[in-house]
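Have the structure open while you read.

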Amino acid sequence: MNHRVPRLRGALAATAAALLLVLSTTTDARAATTYTPSGGPGLSLSASYDDPRTPETTLVPGAELTLIDAGQSIDCSGLSFSGWVTSPGSARAYGATMAALGTFSAPGCTNPTYGPTTLDLQTAPQLVITGGPADGQWPARITNIRWKIAWPGCDFSIEGIVVGRLDAATQVFTPAGNPGTGPSSTPSGLVIASSPTPSGPACLTLDLQGGDHIGLRGTFLNTPPAGSSALVLPTYSPSGGPGFGLTGSYDDPRTPGTAIVPGVQLSLIEPAQGISCSGFSFSGSVSSPGVARTYGVGAASLGTSSAPGCTNPLFGTVTFASLTSPRFDVTGDPVGGQWPSRIANLKWKVSWANCVFYVEGVINGKFDPATQVFAPAGNPGSGWWSDVPTGLVVAATPAPPTGSMCLTVDLRAGDTIGIRGTFTNTPPAGSSGLAITNP
């Protein structure tokens, strides 16, 4: 049986692939044109993916290659590249090699229809950064890939690149179209090679042709080998402090007109419930002032938080108990003096009458060093309610919302949360304001 997808789909995939390559190399004209990787020197990228053989999300080692036009897949129980960062500490242009990935492993590969499959690497791939970061994500690609593929009754080759993004904070390289459920039909930049021509009866049955696009399902985590450290892509330097704290203030919805008071208003967007707090603050210190680091890596620790005087209009007093040590991150290049940033690593246990739930995530926003104000997403704005999600959600763990009043307002895990208010850093005695510069 021929499983081939109509050629129109192949044409659309080609268009998507071309657009993907353009986007992967496009940078803001105002941004830097070079970058300086450090760390390593050893680097090892190992893939994991959502096992398609289980109905629930189960991350297992390996990856899944999708022959998009033929509707076929290659599932591997392992897929990894390893090598070395080239000239750590030396600046280079975007598009220049960052790491050589000469060692490859792909054990336990199978095609669901034809059985055991081998992937034999015939080149020496490289890991390349192609542009400046956005929200801590660097456009990147693994280049110079060529595999000889064989399964019973079919021999062919795959060549090209894997386009994606690299998060230096988590050390994860994510191919285009990931993460996602099910096979990836997003062209990765890999294609079936035209030479040699796919050969064998199974290749003929599937109508494999040169130029057919390949998707890649899975993400790659860099686990530095012994004696090596994580890959570092410095992008900004915080200074000032050492004391740093963020104190919320907002237009009190209970007072007619503009009355800026201490605290914030939290909006449980889906159940349309508000929590007004007479105080909301974080305090800590700038982390390693003057030391360059990657976007997404903390500028300051915020180990102390406080949320007194919180109430819900229907259910009365609300308490927040912090379960983590938050931090303040800068996540991208500034725009108009505003630095994309976030308060990260947040988790609270929240309680009101007959309702207990957990809130987790981040508060995305922007920081203005000139005013020392951090404005969450959606701020400033008019009215008492912000329906712009900040990055905070009602958590499913350690337990979903519990209690009769949680049920009454239909509070559910995954519900998004907005914030009305802004946070100002007022340095304590002996400290100065937070300053941010590009290296």
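Cys 355 and Cys 406 are joined by a disulfide (a pair of cysteine sulfur atoms within 2.5 Å), with an S to S distance of 1.9 Å. Cys 355 sits in strand 32 and Cys 406 in helix 3, so this pair ties together parts that are 51 residues apart in sequence. Helices (H or I, at least four residues) and strands (E, at least two) are DSSP runs, numbered from the N terminus. This is a predicted model, where local features need pLDDT of at least 70, side-chain atom pairs count only at pLDDT 80 or more, and totals for chains, interfaces and linings use all residues. Residues are numbered from 1 along each chain as its sequence is written, and side-chain values use heavy atoms, with hydrogens and water left out.

**Disulfides**
- The link of Cys 355 and Cys 406 is right-handed, with 90 degrees about the S-S bond.
- Both Cys 355 and Cys 406 are buried, where buried means under 20% relative accessible area, exposed over 50% and partly exposed in between (1.4 Å probe, protein chains only).
- Four disulfides turn up in a search of the whole structure.
- Counting bonded cysteines along the chain, the pattern is 1-2, 3-4, 5-6, 7-8.
- Cys 76 and Cys 109 have their sulfur atoms 2.0 Å apart in another disulfide; Cys 76 lies in strand 6 and Cys 109 in strand 10, so that pair ties together parts 33 residues apart in sequence.
- Cys 277 is bonded to Cys 310, S to S 2.1 Å, and the torsion about their S-S bond is about 110 degrees, so this disulfide is right-handed.
- Cys 277 is buried at 0% relative accessible area, and Cys 310 is buried at 2%.

- Most residues other than glycine have a negative phi, and most peptide bonds are trans.
- The Ser 195 to Pro 196 peptide bond is cis, with omega near -5 degrees; Pro 196 is in the loop between strand 17 and helix 2.
- Thr 397 to Pro 398 is also a cis peptide bond, omega near 0 degrees, and Pro 398 is in the loop between strand 34 and helix 3.
- Asn 144, in strand 14, has a positive phi near 55 degrees and is partly exposed at 37%.
- Asn 354 has a positive phi of about 55 degrees and counts as exposed at 52% relative accessibility.

**Confidence**
- The chain averages a pLDDT (the predictor's confidence in each residue, from 0 to 100) of 87, and 87% of the residues score at least 70.
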